[in-house]
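Good morning, and thank you for the time.

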Amino acid sequence: MLVRLGYVAMNLNLENCSPSGTITVKTFSKLTSEEGKLHRLRKITRENLNNTLRILRYNKAYNIDVYRLTSKLVPLATHPITKEWDYIGDFMDEYIEIGQFIKDNNYRISAHPDHYTLINSPTDKVFEDSLRDLDYHVKLFEAMGLDDYRYKLVMHIGGVYKNKELSIERFYENFVKLPDRIRKRLILENDDKSYTAKDVLGICKRLKVPMVLDVHHHNCANEGENLEELISDIFDTWQDEYFVPKVHFSSPKSQKEFRSHADDIELEEFCEFLAIAKKLDRDFDVMIEAKNKDKALFNLSNKLKEFENIRWINEGHFEVL
DNA sequence: TCGTGTCAAGATCTT
DNA sequence: AAGATCTTGACACGA
């Protein structure tokens, strides 16, 4: 059973390498000339794209194949205030270079629109804004030349709006309404409050969409069902996919702040999950979601070296025997 | 330069 | 009905 590790957006080992630089609307609005505004947006975007490439090269050096792009690559991209700006056309060369690097190395790259993106909202405006945000993510992937069967966007189901059943129905309705080029990118993840792994599994089966299992979220929100009984079906949602199943993993910050992410990954917990997954013996990828980002990945990976039943291949790959 | 309040966005909980 | 909270990294501003 081969397992690959990945991390999210930021790299803490590289200095001055944020891929998420931005500007506030307030500051942006204070700029007087159109030229100055454009200059500022372009400067930030150029730095973000450059730093993304630096991170990807770093990943290459350390054999890390799995990585999530930040949603903040382009500052204020979906805000009406920048509507006139062609953030794709202005950086076509950079997008192509990043995309080519990803494809040349056969990396598994994803993105995760944030929790304001809610396609099951009963409010039209919220749905429209969400559509614009999804469109932004998809445009970036398209500009990078990343196809829709390998390069996915992970999304949650959304709000409950006092009636879960109706809200799931509205999710189905709005999901099929999405343009093909957006819908085909989407895969779904259980959240830590509203939609449990069991809920999302049902939705994924019906829509024939792969499910990302978030182990920590499952521990936060479940109705007594355990992973052993769900994981086989969850992994089966990846049957026809190019990549193996993907799992998100984080550890609770504390007993009191259980839902918050800890700095690092708790080894024991992680091994418990490996034992559950080992029963299926299917390869899968793990997205490490810890405050210490890449450092948390290395911390975990180094500890796994010590185990007899693990054949450590490199920082980003190991085999469970 | 550093510390801290604030920031595009929605939902949900609290009052 | 209005306001606080969630959650987050980074900005922005004032000391």
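I begin with a pair of helices. Helices α7 and α9 cross in a left-handed manner. A crossing is called left-handed if the near helix is turned anticlockwise from the far one by less than a right angle, and right-handed if clockwise. The names come from DSSP runs numbered from the N terminus, with helices being H or I of at least four residues and strands E of at least two.

Before I continue, some conventions. This is a predicted model, in which local features need pLDDT of at least 70 and side-chain atom pairs count only at pLDDT 80 or more, whereas totals for chains, interfaces and linings use all residues. Residues are numbered from 1 along each chain as its sequence is written, chains are lettered from A and ligands numbered from 1 in the order in which they are written, and side-chain values use heavy atoms, with hydrogens and water left out.

Returning to the pair, α7 spans residues 197–207 and α9 spans residues 227–236; the angle between them is about 30 degrees and their axes are 10 Å apart. Axes here are lines fitted to C-alpha atoms, for helices over the stretch in contact, and angles run from 0 to 180 degrees between N-to-C directions. The two helices, α7 and α9, are therefore roughly parallel to each other. Angles under 35 degrees count as roughly parallel, over 145 as roughly antiparallel, 65 to 115 as roughly perpendicular and the rest as oblique.

Which residues of α7 and α9 make the contact? From α7 they are Ala197, Lys198, Leu201 and Lys205, and from α9 Leu230, Asp233 and Ile234; contact means heavy atoms within 4.5 Å. By class, this contact of α7 with α9 has four nonpolar, no polar and three charged residues. Ala, Val, Leu, Ile, Met, Phe, Trp, Tyr, Cys and Pro count as nonpolar, Asp, Glu, Lys and Arg as charged, and the others, Gly among them, as polar.

Helix α9 also packs against helix α10, residues 267–278, at an angle of about 60 degrees, with axes 10 Å apart. So α9 and α10 are oblique to each other, and their crossing is right-handed. Here Leu227, Glu228 and Ile231 of α9 meet Phe273, Ile276 and Ala277 of α10. Five of these residues are nonpolar, none is polar and one is charged.

Sugar and phosphate make up 56% of the atoms of DNA strand B that come within 4 Å of the protein. A polar backbone atom of valine 25 is 2.2 Å from a phosphate oxygen of DNA strand B, a polar contact being a pair of N or O atoms within 3.5 Å. In the side chain of aspartate 114, an N or O atom is 3.3 Å from a base nitrogen of DNA strand B.

What share of the atoms of DNA strand C within 4 Å of the protein is sugar and phosphate? For DNA strand C, which 14 residues surround, the figure is 100%. A polar side-chain atom of lysine 30 lies 2.5 Å from a phosphate oxygen of DNA strand C.

Note on methods. A residue is near a molecule or strand if one of its heavy atoms lies within 4 Å of it. A polar contact is a pair of N or O atoms within 3.5 Å; within protein, one must be able to donate a hydrogen and the other to accept it, and residues adjacent in sequence count only if both atoms are side-chain atoms.
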